[in-house]
Structure formats: C-alpha cells, structure tokens
Amino acid sequence: MITLEVNGRSVVVDVDPGTPLLWVLRENLQLMGTKYGCGAAQCGSCTVHVDGNAVRSCVLPVSAAAGKKVTTIEGLTEPSGAALKQAWIELDVPQCGYCQTGQIMSAAILLRQKRQPSDADIDACMGGNVCRCATYVRIRGAIHRAAALARGGAR
Amino acid sequence: MRRTLDRRVLLVASLAAAFALAQCRAAGPDPAAQARSAAAWATVYEVLQHPRCVNCHPAGDVPLVGEHREVHPQNVQSGGNGMGLFAMACPTCHRDENTPGRHMPPGAPRWHMPPRNTPLVFEGRGARELARQLADPSQNGNLSPQQLLEHVKSDPLVLWGWNPGEGRAPVPVPHRTFVAAFQDWVEGGCRVPE
C-alpha cells in the first residue's frame, strides 16, 4: 500500500512500488489528463508536479512519490494555472491536443518562477515538451499571454 | 578606512589561497612521492576524460550525453546553479538511481553539473591544464586535496561512472585503481606533470 496526496486528496493505492506514477494516475485513479507519450522521459507529455517540481511521471516509480503532493492537470488550480488554461483557449493552441497537458504543466513551473518570461526562458523551460503538431509558436504566444493574465495586466 | 579594510580582507584572502595551494604542492616533500604523484596523474586524467565524467563537466552551460559527447537534447541548460532551469531541472527526469532499460535516464543522488561560477571544466582540458585546475581551490569549488580525495572515493555521482546503467560504458579504469592513483597524486603534492 502506498499513500500519496493527489490534487489535494489523500489516496492509498495497492500497486507494485515500481509501477510508474503515470499508470497509477491513469489506471488506478482514473485521472486521464496526463498522457503516455514515449515512456522514457523524452517527450514531456506525462509531466506532473511532485512537491511543486516538474517530473516525468512515466519514469517515476510511485514509491518515489509516496507521502508527497502530486498535482496533475486536473488539479492545477493555482492562479497561473487558470491563466494558462484561459490563454490556451484564447489562442486556440492545441491541434491534436495529446501533448498539451504536459505543455501546460511545464509552463506552470515557468510562470511560478518568472512573472514575465522572455522567449529564452520559454525555450529553456519548454525544450523537453515535444509537440508533433508543431504548435510551438502558439504555445509560446499563450505563455506570454498567460503571464500577462496572471499579472493582471491584460484582459 | 573602508578601502584599508578592503585591502586587508583582500590580503588575507590572497594569503589563504596561496597557503592552500602551497600546502597542496608542499604535501609531498619526498621526491619519490612527488614522482609518484606526477606519474599517477596519467591514470586520474584518463578517468576524468572519460565521457561518464566529461559529459557533466563540459566547456559550456549545456551538459553532454552519450559516448560521443553530444549536446544534451531538449535544450537542457545548467541554469547557473548547475541544477537546470524551470521545468527542465535535472530531477525532472534524473532520479536517485538509474531508470532500468536502454535509452532511459541515468540517475544518482543530487544529479547536477558544477555551478557556473566554478565550472570545473574537463572537456578539452590538457593533462597539465586539468591538474593545475583541480589543485587550485579557487577553481575546484574550494576543496582541499583531502576533500577532493573523499569526493572521488565516495560521492555517489562519481561512483555512478562505474554503474552508469544499461547502454552506457562504465569508466574502464577500476574505481579502486582510480582512487589509489588519486591518493598518490594528492599525497605527492598534487603535482602537475611535466
């Protein structure tokens, strides 16, 4: 039995400790927003937060998250998260959409650390999130827009 | 008065640095030990030039990967403190242990690069240059020779070089041979080879 806190709720799961966190989120907890892409921490689509830091949940054994706070796209309620979701909709960012939850989870880390990120900051933060539809230009635009929304300056 | 104080602080700092260097170099007054120190450096240098060591001691801000020292994909950067940037901090993918399987992220506790202010570059450094750099506390992260020895003996990130996970070549020189050579190098006064 492994106990962890997912999106503010304490959960206990009966799984092999080596099970990737991603599978626990999707299979055991039915949180389908986090996606499986490569299974090797190469594409970023499985990105979630553990104790406030980005992790690739496809390579993180659930035992490494025991007792920690896990946040998935479903629980991204911080103000910058809401701004990101709004900006993503405004700029119509997704094409197929598969990678987008991972993109937003990474972008949320950036906005937490930089209220007004530069293009270089965005490149440095988002380089590990691959989008096969190549929506990168809209992603960059949406991050700038979300930063402005989070600062309260733009409507 | 402030300028005088600044000068005193500078003088004390300079003397301390010179003393540390002199201690390192004078630690092997015995000529035989000094000769052993200089000779041992070849083994130490061979290890430090292996991709398992060089890849996280690159000449720039970007770590390297693989046997051919290619630039780390995904635009990974050291981030100044050596821990990566934003959502691309090292622990985003690198855990405390290797992830099983080929092409999976390697791992060890506190996976990181040297910080930008003490980059401790191995890549492209000649044998003499690297020996001089490693012996100089102002360039080696302010470590004494004994602390350097402890680092190569027991730091999990160093030990990882001999347990790098599936699909990566370990350092071919055995770790105990490396430590013995490093000890000879230190005990003989951290000699810079001729």
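**View 1. Where helix α3 of chain A meets helix α5 of chain A.** In this close-up, Gln103(A), Ala107(A), Leu110(A) and Leu111(A) of α3(A) meet Ile139(A), Ile143(A), Ala146(A), Ala147(A) and Ala150(A) of α5(A). Here two residues are in contact if their C-beta atoms, placed from the backbone, lie within 7 Å. The residues of this contact divide into eight nonpolar, one polar and no charged. For the classes, Ala, Val, Leu, Ile, Met, Phe, Trp, Tyr, Cys and Pro count as nonpolar, Asp, Glu, Lys and Arg as charged, and the others, Gly among them, as polar. Keep in mind that this is a predicted model, in which local features need pLDDT of at least 70 and side-chain atom pairs count only at pLDDT 80 or more, while totals for chains, interfaces and linings use all residues. Residues are numbered from 1 along each chain as its sequence is written, and chains are lettered from A and ligands numbered from 1 in the order in which they are written. Helices (H or I, at least four residues) and strands (E, at least two) are DSSP runs, numbered from the N terminus.

**View 2. The angle between α3(A) and α5(A).** The axes of α3(A) and α5(A), the latter spanning residues 136-151, come within 11 Å and cross at roughly 45°. That makes α3(A) oblique to α5(A). Angles under 35 degrees count as roughly parallel, over 145 as roughly antiparallel, 65 to 115 as roughly perpendicular and the rest as oblique. The axes are lines fitted to C-alpha atoms, for helices over the stretch in contact, and angles run from 0 to 180 degrees between N-to-C directions. α3(A) passes α5(A) in a right-handed crossing; a crossing gets that label if the near helix is turned clockwise from the far one by less than a right angle, and left-handed if anticlockwise.

**View 3. α3(A) again, now with helix α4 of chain A.** The axes of α3(A) (residues 100-113) and α4(A) (residues 119-126) come within 9 Å and cross at roughly 130°. That makes α3(A) oblique to α4(A), and the crossing is right-handed. On the α3(A) side you'll find Gln103(A), Ser106(A), Ala107(A), Ile109(A) and Leu110(A), which meet Asp121(A), Ile122(A), Cys125(A) and Met126(A) in α4(A). Sorted by class, the residues of this contact come out as six nonpolar, two polar and one charged.

**View 4. The five-stranded sheet of chain A.** This is an open sheet with the strand order β2-β1-β5-β3-β4 and mixed pairing. Its edge strands are β2 and β4 of chain A, each of which pairs on one side only. Neighbouring strands are turned by 40° against each other on average, direction ignored. Two strands pair if DSSP finds at least two bridges between them. α3(A) lies across β3 and β4 of chain A and runs at about 40° to β3(A).

View 5. Strand β1(A) (residues 2-6) runs antiparallel to β2(A) (residues 9-13), and five bridges join them. One place to look is Ile2(A), whose bridge partner in β2(A) is Val13(A). The hairpin has two residues between the strands, and Asn7(A) takes a positive phi near 50°. β1(A) also pairs with β5(A) (residues 69-71), this time in the parallel sense over two bridges. In β5(A), Lys69(A) is the bridge partner of Glu5(A), and Val70(A) is that of Val6(A).

View 6. Strands β3(A) (residues 47-50) and β4(A) (residues 53-56) run antiparallel and are joined by four bridges. Thr47(A) has Arg56(A) as its bridge partner in β4(A), while His49(A) has Ala54(A). Two residues sit between the strands of this hairpin, and Asp51(A) in the turn has a positive phi of about 50°. β3(A) is also joined to β5(A) by two bridges, and these strands run antiparallel. There, His49(A) stands opposite Thr71(A) in β5(A).

**View 7. Chain A against chain B.** 19 residues of chain A are in contact with 17 residues of chain B. β4, α3 and α4 of chain A are the elements that give two or more residues to the side of chain A that touches chain B. That side has 11 nonpolar, six polar and two charged residues. The predictor gives the complex an ipTM of 0.95 and a pTM of 0.88. Chain B has a mean pLDDT of 89, and 85% of its residues reach 70 or more; pLDDT is the predictor's confidence in each residue, from 0 to 100.
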